[in-house]
Amino acid sequence: MGKISLEVNGRKVEKEAPDNTLLSTFLREHLQLTGTHIGCDTSQCGACVVHVDGNSLKSCTALAADVNGSKVTTIEGLETNGKMHPMQEAFKKLHGLQCGFCTPGMVMSAVDLLQKNKKPSDTEIRDWLEGNICRCTGYQNIVAAVKEAATKM
Amino acid sequence: MASLVGSRVERKEDKRFLTGKGRYTADINLANQTYAIFVRSPHARASIKKLNIDKALKSSGVVSILTGKEIADDKIGGLIAGWAIRSEDGTEMKCPGNPPLAKDNVNFVGDPVAVVIAESLAEAKEAAEKVEVDYKVLKAVTSTADAMNGDTIHEGIDKNLCFDWLLGDRQKVKEAFDKADKVISIDIINNRLIPNAMEPRACVADYNAASEEITLYTTSQNPHLSRLIMSAFGNVAPEHKLRVVAPDVGGGFGSKINVYNEDIVCSWAAKKINRAIKWVAERSESFLTDIHGRDHVTHAELAVTKDGKFLGFKNETIANLGAYARVFGTVTPTYLFGPCATGVYEIPAAYTNVKAVYTNTAPVDAYRGAGRPEATYTIERLVEKASMELGIDKTELRIKNFPTAFPFKQTLVHTVDSGDYVAGMEKAKQMADYKGFEARRKESEAKGKLRGIGVTSYFEACGIAPSAAVMSLGCGVGLWESAEVRFNPTGQVTVYTGSHSHGQSHQTTFAQIAADELGVPIENIDIVHGDTDKGTFGMGTYGSRSLAVGGIAIVNACKKIVEKGKRVTAKMLEANPEDVEFKDGEFIVSKSNKKKTIGEVAFACYLPGVRDEMKSPLPEGDEPGLKETSFYDPSNFSFPAGTHIAEVEIDPETGHVKLEKYTACDDFGRIINPMVVEGQVHGGLAQGIGQALYENAEYDETGQLMTGSYMDYTMPRADNFPEFNIGYTCTHATTNPLGVKGCGEAGAIAAPPTVMNAVIDALGGQEVTMPATAEKVWKACKNLKKSNAKAA
């Protein structure tokens with residue numbers, strides 16, 4: 001067991017957790033932030049993407065202890081004052097989600113893309129999202145939503 | 001008031017999904033819950049000589065370990081096949097028992113033999129490692145084509161044959177083939193797929209000792225149907241003591257229709273240990289134990305005249321059922337397949353023969369399209385081959401054999417009420433710039449690339465389904481759907497539907513329908529589903545049935561509300577009910593022009609008393625309240641149809657296939673929400689293109705799944721697709737009041753032959769099996785080079 005101290009969605013948290021606790025498990029089971037989803041066991045699907053110190057990360061690829069002291073943003077922390085982030089708005093407007101399961105990881109990943117590339121091309125968006133699997137949408141409306149968000153951010 | 005039906009209404013469900021507030025089964029934690037881990041067979045076929053749990057029981061945190069013996073002792077029933085299919089000779093199909101925990105024999109890798117329940121997940125995992133199972137490993141049967149020659153898997157089921165089924169007339173087909181100028185024949189494999197909904201299966205079972213009620217939260221497409229099966233066949237609890245809740249469900253595609261071993265075991269065990277139990281599949285368990293899809297080996301022939309008229313069709317298929325026959329396992333390769341085998345064509349004589357075989361692989365059941373993709377792939381590959389062999393343009397050959405009038409009575413089963421296949425073909429050709437293809441082919445050739453174009457015209461039978469029809473064919477239940485519309489006294493509406501959304505957008509599209517029917521703002525309408533304690537009953541969501549069956553039940557329940565509203569308005573305004581009209585949420589007495597809003601009428605219905613001069617608004621015979629229910633049983637299937645066109649470019653140096661263009665022109669009848677329909681088409685296409693180019697479930701000869709993770713099974717990614725070009729034609733269904741047909745499966749049905757026809761066109765007609773991987777295509781390119789060199 002060890003003490004994990006993080007700033008999650010702007011709130012300081014301190015919890016004891018076993019040393020082998022994945023960041024994804026820590027968020028879901030210890031902080032009850034169940035918006036971060038687990039879709040696979042090989043770090044392929046991307047449903048668990050969060051931001052750690054501003055960069056997107058598959059939270060199943062890191063131990064909570066590895067990121068001790070970091071600032072973590074999850075899908076629950078993307079709204080400001082109850083207003084959805086432009087990426088969330090764009091996904092809603094352009095039907096970039098169906099069952100919603102891959103959506104949190106997809107949105108967090110897409111937000112990071114626009115932090116790094118303000119006006120990505122279709123190809124750049126599709127390449128960036130290669131690590132996020134969606135089984136519902138065929139990706140077309142996700143790509144459209146990311147482009148839409150790029151005009152608003 | 002503007003109609004909402006037909007508008008791009010943004011989804012009511014989105015905000016919770018986008019802000020992390022979705023509530024999926026794995027997000028549910030109950031007080032004092034335990035954790036389950038299933039001990040699964042590592043062998044494809046074995047008998048269990050000994051199972052020892054002594055060491056595991058001593059492991060830290062263990063609460064209970066249960067095995068096939070306790071299941072049998074408690075007389076808990078097994079998993080079932082939902083459809084009884086008869087063989088051509090009239091005998092009933094042969095189904096083995098399928099206990100939720102295997103006691104004597106295991107029949108596929110992943111077949112569960114025990115459940116370990118512990119205080120924490122880690123402790124359950126550790127203890128599960130200590131369960132000792134002594135197996136006698138037997139030779140596995142894994143090949144679809146050779147299954148009938150393998151060892152007998154289930155005692156008493158000769159040749160591993162579940163049934164040998166025939167639809168159609170062999171003699172008429174023989175006569176048609178005797179008259180043919182040419183016979184086109186083809187051998188094809190419809191590759192095995194793994195559905196891979198992004199949310200792995202999960203369940204949380206709870207027992208309330210006070211009410212003696214079990215509650216099961218589970219990842220299901222059809223909670224009421226699950227409850228019925230678990231109660232009637234699983235013997236878990238009577239239906240009134242079993243509540244099944246399917247909360248937010250992260251995709252299904254058919255894989256979450258079945259009641260699974262874990263649902264039954266956790267429900268039963270929760271009562272036994274009197275504590276809640278949580279189980280969440282790891283993705284590797286999903287790969288091994290979720291139902292798989294497709295897996296047919298087919299020989300088919302088409303008899304044609306030299307000018308391209310189709311005379312006869314035969315289809316001989318071996319369908320792999322996997323280790324056990326499950327809910328839709330036996331109907332998928334029969335009544336969902338055979339009746340669609342002749343496609344969109346007038347073919348006077350046809351038969352389909354299916355031998356369904358058991359193998360030591362995961363059960364095969366309904367996966368998006370279920371039977372219709374396999375049927376469409378067969379006929380459309382044949383027609384494409386016929387066009388090459390006859391030298392007739394692929395679109396002209398199709399048009400030549402389209403029906404000329406509707407209703408279109410097909411040779412085998414269906415009478416298609418509506419459609420315009422020629423219009424669909426013409427529009428698709430225009431959208432795809434079919435005429436410009438040869439120029440594009442030359443451009444590709446100039447770059448050293450091979451370019452091909454592929455066409456598919458399809459129809460599907462969905463809106464599953466008329467009870468009289470399906471029960472006569474062997475279905476164990478009727479496939480109607482229910483809806484209940486409840487008005488609150490203050491005017492908001494709650495609509496309960498028996499169908500289930502796991503991505504399909506019911507909360508929005510069903511609310512659009514109810515808003516139009518009742519004239520109530522959409523914000524004031526809630527759609528509720530997924531909980532057996534809330535809605536009356538329902539058959540769930542599959543076979544593109546939610547709208548064409550469930551949506552109509554909502555319309556009918558709303559119409560009953562309006563009828564009562566007219567009676568109440570008449571009483572309130574002292575008019576004749578026949579003189580009251582309803583429009584845009586207002587009841588208007590035509591003679592006096594006096595009116596009441598539906599909100600006022602709803603309120604009045606809840607205040608039936610008499611005070612001072614206020615009279616009761618309730619006519620004699622009407623009870624207080626405003627709530628109506630409908631159980632709608634459709635009169636026919638619905639028949640979406642369309643034409644899809646794909647273009648691929650192949651690099652002969654690498655064998656890489658690039659999907660350059662994909663055009664889909666579909667007729668779904670009336671469209672409720674174009675935005676949602678586009679999404680359904682995109683998603684279906686991605687799965688269909690996945691089947692054609694990327695996905696394949698593969699077992700080795702010992703029955704080990706070689707594609708058991710996302711490292712091995714190619715899931716299509718964002719960079720695998722071009723932007724799809726989507727369009728519509730529209731003929732309204734004549735068999736339901738909304739004129740709707742269904743759109744959920746079209747993409748998965750049409751895309752595999754469309755893409756493969758394009759690939760094979762680029763390869764000069766050389767057959768390649770799905771998925772057309774770079775390796776296979778590269779080899780074909782080398783053959784092409786050789787034969788071109790010979791020709792020169």
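Reader: Into which domains is chain B divided?
Author: The model is predicted, so local features need pLDDT of at least 70 and side-chain atom pairs count only at pLDDT 80 or more, while totals for chains, interfaces and linings use all residues. Residues are numbered from 1 along each chain as its sequence is written, chains are lettered from A and ligands numbered from 1 in the order in which they are written. Domain bounds come from an automatic or database domain assignment. For chain B that assignment gives domain 1 (14-138 + 199-250 + 256-289), domain 2 (381-464 + 636-791) and domain 3 (481-632).

Reader: Which element gives the largest share of the side of domain 1 of chain B that touches domain 3 of chain B?
Author: Two residues are in contact if their C-beta atoms, placed from the backbone, lie within 7 Å; on this basis 15 residues of domain 1 of chain B and 13 residues of domain 3 of chain B take part. On the side of domain 1, helix H6 (223-232) and strand S11 (242-245) of chain B each give two or more residues, helices (H or I, at least four residues) and strands (E, at least two) being DSSP runs numbered from the N terminus. The largest share, four residues, comes from H6(B).

Reader: How many charged residues are on the side of domain 1 of chain A that touches domain 2 of chain A?
Author: Chain A is divided into domain 1 (2-77) and domain 2 (86-152). Their contact takes 15 residues from domain 1 of chain A and 11 residues from domain 2 of chain A. Ala, Val, Leu, Ile, Met, Phe, Trp, Tyr, Cys and Pro count as nonpolar, Asp, Glu, Lys and Arg as charged, and the others, Gly among them, as polar. By these classes, the side of domain 1 of chain A has six nonpolar residues, nine polar and no charged.

Reader: Which helices of chain A each supply at least two residues of the side that touches chain B?
Author: The contact between the chains involves 44 residues from chain A and 42 residues from chain B. On chain A, the helices are H2 (86-93), H3 (103-116), H4 (122-128) and H5 (140-152).

Reader: What is the radius of gyration of chain B?
Author: Chain B has 19 helices and 28 strands. The globule rule (2.2 Å times the number of residues to the power 0.38) is compared with a radius taken over C-alpha atoms. Chain B is as compact as a globular protein of its length, because the rule gives 28 Å for 792 residues and its radius of gyration is close to that, at 28 Å.
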